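Please load the model in your viewer and keep the selection panel at hand.

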Amino acid sequence: MIIVMKPGASQQAVDHLLQRIEAKGLKPLHMPGAERVVLGALGDERLLAELALDADPNVESVKPILAPYKLVSRELHPHDTIVRIGDASFGGGRFGLIAGPCAVENEEQLRASALAAKAAGARVLRAGAFKPRSSPYAFQGLGADGLVLLERIGREVGLPVVTEVIESGDVELVARHSDALQVGARNMQNFALLKALGRAGKPVVLKRGMSAKVEDLLLAAEYVLAAGNDQLILCERGIRTFETATRNTLDLAAVPLLKAKSHLPVIVDPSHGTGIRDLVTPMALAAAAAGADGLMVEVHIDPPSALSDGPQSLYPDQLAALGKQLEAVLGALGRSL
Ligand code: PEP
Ligand code: MN
């Protein structure tokens, strides 16, 4: 429920109402604005009805939040949320490029790939230490050693780092070594993980599940916000369809749709979205044109030797060329990289 207070409502009246909402076992929200205060009440709406807010002389209007996701919805929060990873910003007109190898493999590979990402204009370095692979026999990542290496190389090249966390018990460890935590497609509905990330104190990049609807993605994000963390970036990374010519079907229509429904920033991963190196740049540019707040792109110093996702990883010079083209596309829309 969204409760708009009358312009002259006193602080005392606001505090009193917040207390009454809480006393009913509902979650109170306080959103002071320039002209008037807006309150929120989340939970069982029958309990809210018992508060008889329509009769409160300090209340101007009361309207339900129609979306099933509440904290994530634009209905409750009309302005864009800006998420910061290190000094990179996503949302509210800011665009950020996240780039790096699929996985941390070794020091030389990571350093060279990170330098390539930075040279191309990336503001955040990505690389997985815990890899959720479809096969138990595939490279699973370097684990904790990989995290330490990623943290060190990020500092060395001067980029904040984002890396995947695959289970709730690892959240503290991964948060200690990274600037943002990624939830992979395979874990989008791992609710224990999402709740733990609500308490992580670090920004979250939440990837869309392979068979998740837009609403499922937004409800997954709601878990993280409801647990106390609103620094969340939504990531469209392609979904499974009948089409097998590409690794996934990159749903770019989801970008403006998500942005209409939610105040959270939306980025696109054209690497996992296509699985094919030559498709990454065109789809990255299309994502920027569609209004994405950023991109996550895989780059590797030597893709044929990559331990994971070589066929979709850009060569360093391709990422540099993408950086230039992105500037042009964003510039045409009055934005910048
Ligand atoms: C990744 O970003 O390396 C990854 C595993 O992505 P996804 O979860 O989207 O498959
Ligand atoms: Mn990958």
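By class, how many nonpolar, polar and charged residues does the shell around ligand 1 have? In this predicted model, the shell comprises seven charged, three polar and two nonpolar residues.

Select ligand 1 first, and then display its surroundings. The residues around the ligand are Cys 102, Arg 126, Lys 131, Glu 164, Gln 182, Gly 184, Ala 185, Arg 186, Lys 207, Arg 237, His 272 and Glu 298.

Next, select Arg 126 together with ligand 1. A polar atom in the side chain of Arg 126 is 2.7 Å from an oxygen atom of the ligand. Move on to Ala 185, where a polar backbone atom lies 2.7 Å from an oxygen atom of ligand 1. Then select His 272: a polar atom of its side chain is 3.4 Å from a ligand oxygen atom. With the ligand still in view, consider its cover: on its own, ligand 1 has 300 Å² of accessible area, and the protein covers 97% of it.

Now return to Cys 102, one of the residues surrounding ligand 1. Is Cys 102 buried or exposed? Cys 102 counts as buried because its relative accessibility is 3%, below the 20% cut-off.

Note on methods
Residues numbered from 1 in each chain as written. Chains lettered and ligands numbered in written order. Predicted model: local features only at pLDDT ≥ 70, side-chain atom pairs only at ≥ 80, totals over all residues. Heavy atoms only, no water. Buried < 20%, exposed > 50% of the residue type's maximum accessible area, 1.4 Å probe, protein only. Near = heavy atom within 4 Å. Polar contact = N/O pair within 3.5 Å; in protein donor to acceptor, adjacent residues only side chain to side chain. Areas by Shrake-Rupley, 256 points an atom, 1.4 Å probe, with all protein chains shown as cover. Nonpolar A, V, L, I, M, F, W, Y, C, P; charged D, E, K, R; others polar.
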